[in-house]
Amino acid sequence: MERVVVGGSGVGPLGDAWRTCVGTGRFNLALRQDYQESLTLVQREIGFRYIRGHGILHDDVAVHRTYDAAGHRGTTYVFTYVDQVVDAYLRLGIKPFLELGFMPRALASGGQTVFWWLGNVTPPRDHAEWASLVRALLRHLVDRYGLDEVRTWPVEVWNEPNLTHFWQDADQEAYFRLYETSVHAVKDVDASLQVGGPALSPGADDWWEPFAEFVTRRDLPADFLSVHAYSSGPAQHVPFGVYQTLRGPQHLLDQFARPGKILAGTALAGRPLHVTEFNTSYRPDNPVHDTAWNAASLAPVLAGGGEHADSFSYWTFCDVFEEEGVPASFFHGGFGMLGHRQVRKPTYHLYAFMARMGQEVLARGADHLVTRHAGTGRVTVLAWQPVGGTDDPAEPDRHEIRLSLPTSGSGRVFVMRYDVDETAGNAWAAWREMGRPASPSGRQLDALHEASEPARRAYSLPVVPAADGGRVDLDLTLGRHGITLVTLDPVRDETPPWLDDARILGRTATDTPNDKDDA
């Protein structure tokens, strides 16, 4: 295998589109302790900037409240839960990416709902009242958190209106009316607030040109555009789960790039693009989400997705998520990069590895990303086994990478390696070997946490003098569906001259294991 020589000059900065935003279960779930504990861990080890989910206007958050009692009739707005959730987000260093939805029952024009928690997906019966609700929400947030802060929070109008599941009859004209009402309401509060949409699901290319034509003709704001991306086929249902065909990572990257290509030459060309949901499967009960394949598949997406989108939001950060009801088993194919009780999945490690990469990109390849940290000279390598989809050949049991890396030191470098694959750092594989307990005992849960830890190895490598300073040859063998993080730091040897590790057991250089001490 030919060795890849990584140059010493950077090829550009490592952007943060991959961790600009992350998805979450519905807004109300943020009141739960396990949700808060999971988000605390994610923010400590990864550090997302924004969080987006459904349901801020759903009835279980109770913002829109009507009353008819004692001769008084009207509507009031209640922000008790909104404040608790947003306060918690900001304490953890993450801002809300506000999605307007779903329709409060008292304001809805019909009874169609989605999910087991019955999010209403019909247009408002009164658009003026919907506008009042949107204005009230934004004014409250501005009053509580300050205009300068709320100006940094994007406001997205609805979710996947091109699907009948999420918008009654997928009525394009009705959605455009909702969009117009909503963006005017947001701008009524302050013209500098960011608002956009249309949060389209995959396969909705035929919506983009009509949307662009509508907002242009009506002179409506679209401060950003939003879209979703998934790479799975139709669901093959089994009790409490599904299987699906899957496509390789390039399919996701192509979806990220698609809106820009369609809108080239329109008035919306060049607008910021946010992929406000993406994952392999669009189902919250597909076991692929729990696997090492999921992490290996998404590695090139995280490494290269910023070339096509300003952000791409993994759906979701944890398995506290209940679209199809309360999960029937501990591992259940949930979207989360964290399982319940903060058990780390392989995809979580991919994100945690990315969070430890340097600011300067030295190289990008089909199976690796190499960066350097400013100031310290540390070189960091993220490597993965390239994977395909359902129709591609199965991946081999191992994948080899040979790199020649630049280093600012001399002598030796200290190498720290972390591995995740089909067996290492893989709590789902351990859970399967346990017999797939639906509700693990305390001891089993401890074992799952232990099994979720990446395999670790520490060693050193020699620095070979070269014309550009010094080089280190790094040879990596990854397991099946493996992802690997490697950090290389220059060694400053402070070993005193009298230390001799060969004498730790009291032996001399001429002793053999059969020599005896005559004393």
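## A buried proline

Proline 454 counts as buried because its relative accessibility is 8%, where buried means under 20% relative accessible area, exposed over 50% and partly exposed in between, with a 1.4 Å probe and protein chains only. This is a predicted model, in which local features need pLDDT of at least 70 and side-chain atom pairs count only at pLDDT 80 or more, while totals for chains, interfaces and linings use all residues. Residues are numbered from 1 along each chain as its sequence is written, and side-chain values use heavy atoms, with hydrogens and water left out.

Proline 454 sits in the loop between α11 (442-451) and β23 (455-462); helices (H or I, at least four residues) and strands (E, at least two) are DSSP runs, numbered from the N terminus. Not counting residues up to four places away in sequence, proline 454 touches His349, Phe353, Tyr418, Asp419, Val420 and Gly425, contact meaning heavy atoms within 4.5 Å. Aspartate 421 is 33 residues from proline 454 along the chain, and the C-alpha atoms of the two are separated by 8.7 Å.

Helix α5 covers residues 172-189, 18 residues in all, and reaches 26 Å from its first C-alpha to its last, close to the 26 Å expected at 1.5 Å a residue; the expected span is 1.5 Å times one less than the number of residues. The buried residues of α5 include Tyr175, Phe176, Leu178 and Val189, and among the elements that cover the buried residues are α3 (127-145), β12 (195-200) and α6 (205-217). At the start of α5, a side-chain oxygen of aspartate 171 comes to within 3.1 Å of the backbone nitrogen of glutamate 173.

Serine 192, in the loop between α5 and β12, counts as partly exposed because its relative accessibility is 34%. The side chain of serine 192 makes a polar contact of 2.4 Å with that of arginine 151 and another of 2.2 Å with that of aspartate 190. A polar contact is a pair of N or O atoms within 3.5 Å; within protein, one must be able to donate a hydrogen and the other to accept it, and residues adjacent in sequence count only if both atoms are side-chain atoms.

On a 1 Å grid over the protein atoms alone, a pocket is an open set of points with protein on both sides within 12 Å along at least five of seven lines, a cavity is a set where a 1.4 Å probe fits but cannot get out, and lining residues have an atom within 4 Å of a point. Grid points are joined across faces, edges and corners, and a volume is the space filled by probe spheres set on the points.

The second largest pocket has a volume of about 490 Å³; of its 21 lining residues, Glu160, Leu163, His165, Phe166 and Tyr282 are the closest to the centre.

## Cavities

The count comes to two cavities of 30 Å³ or more.
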